[in-house]
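Here are a few exercises to work through with the model open beside you. Try each task before reading its solution.

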Amino acid sequence: MKIAIYARVSTDKQDNGNQLDQLREFACKQGWAIVAEHVDTVTGSGKKSRPQFDAMMLAASQRKFDLLLFWKLDRLSREGTRKTLVYLTQLDSWSIAWRSFMEPFFDSCGMMRDVVISIMATLAEQERISISERTKAGLQRARKAGKRLGRRAVRVDVKAAYKLQTEGMGLRGIARELGISVNTLQKGLQKIGAK
């Protein structure tokens with residue numbers, strides 16, 4: 001059987017490795033051939049694009065694999081019951097089987113499967129909302145405590161930058177010389193140019 005793997009982590013600080021290692025090992029034990037791995041690093045809010053998810057769904061519609069294996073339902077979608085069921089129904093309509101590694105009970109739910117999926121999708125969406133609320137509360141508490149949020153401001157020595165530029169140095173060299181990123185240098189020069 002040809003399978004595709006889908007994995008998602010919420011931030012760059014998380015590691016897809018744990019998900020992928022276990023999914024690969026599971027597929028190998030089943031004797032399945034992994035033909036594609038799709039991995040996204042985005043929040044699960046459903047508000048950001050998931051290019052690998054979109055590519056996986058396109059490949060599914062083209063029947064490039066027989067089964068989609070994912071870590072857990074909330075790794076596939078935290079967009080709520082309706083959208084999650086739409087995705088799974090689309091896979092079913094394309095004759096693509098799907099399997100949740102951490103939730104094998106879906107396979108034995110029988111006619112109650114959609115009900116169980118609805119409950120799990122609702123819980124996943126609620127977790128996303130709870131994470132967002134906890135983050136907002138933490139930021140508000142930090143502001144009230146007088147903490148400065150965000151990146152510290154980086155000052156650009158514009159005079160030095162212009163001097164180096166007139167000497168023929170490129171942006172990368174100037175940024176390296178000033179100990180800042182090229183992006184920060186460009187932003188600093190744009191602010192001065194706009195005044």
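A contact means heavy atoms within 4.5 Å. This is a predicted model, in which local features need pLDDT of at least 70 and side-chain atom pairs count only at pLDDT 80 or more, while totals for chains, interfaces and linings use all residues. Residues are numbered from 1 along each chain as its sequence is written, and side-chain values use heavy atoms, with hydrogens and water left out.

**Exercise 1. Contacts and elements**

Take the contacts between residues at least 6 apart in sequence, and find what share joins residues at least 24 apart. Then list the elements in order.

Step 1. In the protein chain, that share is 67%.

Step 2. Helices (H or I, at least four residues) and strands (E, at least two) are DSSP runs, numbered from the N terminus. The protein chain has eight helices and four strands.

Step 3. Starting at the N terminus, the order reads β-α-β-α-β-α-α-β-α-α-α-α.

**Exercise 2. The sheet**

Work out the strand order of the open sheet, and say whether the pairing is parallel or antiparallel.

Step 1. Two strands pair if DSSP finds at least two bridges between them. The four strands line up as E2-E1-E3-E4, with parallel pairing.

Step 2. Strands E2 (33-41) and E4 (97-100) form the edges, each pairing on one side only.

Step 3. From one strand to the next, the twist averages 20°. Axes are lines fitted to C-alpha atoms, for helices over the stretch in contact, and angles run from 0 to 180 degrees between N-to-C directions.

Step 4. Helix H2 (residues 51-61) packs on this sheet and touches E1 (2-9), E2 and E3. The direction of H2 makes about 150° with that of E2.

Step 5. Now follow E3 (residues 67-70), which pairs with E4 over four bridges. Leu 69 has Arg 99 as its bridge partner, and Leu 68 stands opposite Trp 98.

**Exercise 3. A salt bridge between elements**

Step 1. A salt bridge is a side-chain nitrogen of Lys or Arg within 4 Å of a carboxyl oxygen of Asp or Glu. The structure holds six of them.

Step 2. For Glu 37 and Arg 24, the N to O distance is 2.7 Å.

Step 3. Glu 37 belongs to strand E2 and Arg 24 to helix H1 (residues 17-30), so the pair ties together parts 13 residues apart in sequence.

Step 4. Asp 21 joins Arg 24 and Glu 37 in a network of salt bridges.
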